[in-house]
Amino acid sequence: MKTMADNLNKSASETDPRTTPLYGEIITHLETDGTVIDIGAGVGRFAIPLAKEGFNVTAVEPNEEMRKHLLGSIEQNGLTSRINVIQSSWPVDKDLQADVTFASFVIQFSHDPEKFIHSMEKCTNKRCIVSIHVDQPLGFLKDIWQVFRSSEPVPAMLTFSDLYPMLLNMGIIANVAIIEEKRMSGPVMEPAKIIPLLSDLLSIRDKPADMQRLKEILEGMRSRIQEPPSMRTAIVSWQPRR
Ligand SMILES: C[S@@+](CC[C@H](N)C(=O)[O-])C[C@H]1O[C@@H](n2cnc3c(N)ncnc32)[C@H](O)[C@@H]1O
């Protein structure tokens, strides 16, 4: 999470979040004094500029490390009256309401994406918006999996091709914009930093020979891990049915 928080801070400092298509889509549906729920707000990449623009933000964030950065920025920017931070995963066990509810790169972590979407609709008056990867972020995992767990299915993150059919099944026909993500400067994903995550996924932490093999494989894939061939995002947006 520390790495993710650092990357999100870096992203916010390199690309002004207000220039992103997601931000544009959010504010299109807001009027003066509008209300927004930012699900999985992270370090506040969107919550902070939205609050600075005068909107009232409810930022839902379950992770302590992320909340620490978020609360620090709120304090630093004098936005305590504009942003209400809720320490929780989504769905929240409270009756929230807002004009716009959005989740930027969060739904892939949900254990129940359908419930996630249902709860978004229940809380939203005007627009629900979800940003999600189009290309599998862990695409390189397929080759590693072959080496250690060839008979088991490769873990995969929920991507746009899973989400859209799910929405259709729920009776939601959403607008979609596909955008090519701007790359951050310098390496974002360092092989050494993903070894703990991968060794847990592969259950090889206690096997020194396998751990060594994993390190070598990751080194051999360094450029592929750091520069994935394509990084597209889908911005999925719809009017809630209430
Ligand atoms: C990739 S970060 C994105 C952060 C932020 N939305 C952004 O785009 O800058 C994912 C965030 O979702 C949070 N998260 C993960 N599962 C969640 C859930 N079920 N409900 C709410 N937030 C969640 C994580 O703690 C993390 O802060």
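Modeller: With strand β4: 6 of its 7 residues are buried, so the rest of the structure largely encloses β4. Buried means that 20 or more other C-beta atoms, placed from the backbone, lie within 10 Å of the residue's own; exposed means 12 or fewer, and partly exposed is in between. Helices (H or I, at least four residues) and strands (E, at least two) are DSSP runs, numbered from the N terminus. This is a predicted model, in which local features need pLDDT of at least 70 and side-chain atom pairs count only at pLDDT 80 or more, while totals for chains, interfaces and linings use all residues. Residues are numbered from 1 along each chain as its sequence is written.

Colleague: In what sense do β4 and β5 pair, and over how many bridges?

Modeller: Strands of a sheet pair through backbone hydrogen bonds, either parallel or antiparallel. Here β4 and β5 pair in the parallel sense over 6 bridges; two strands count as paired if DSSP finds at least two bridges between them.

Colleague: Now helix α4. Which of its residues are buried?

Modeller: An α-helix has 3.6 residues a turn, so residues three or four places apart point the same way. In α4 the buried residues are Met 66, Arg 67, His 69, Leu 70 and Ile 74. Seen down the axis of α4, they fall within an arc of 160° (taken from the directions from the helix axis to the C-beta atoms), so they line one face of the helix.

Colleague: Which exposed residues does the face turned away from the buried side carry?

Modeller: That face of α4 carries Glu 64, Lys 68, Gly 72, Glu 75 and Gln 76. The helix, residues 64-76, reaches 18 Å from its first C-alpha to its last, close to the expected 18 Å, which is 1.5 Å times one less than the number of residues. Gly 78 follows α4, and its phi is positive, near 60°.
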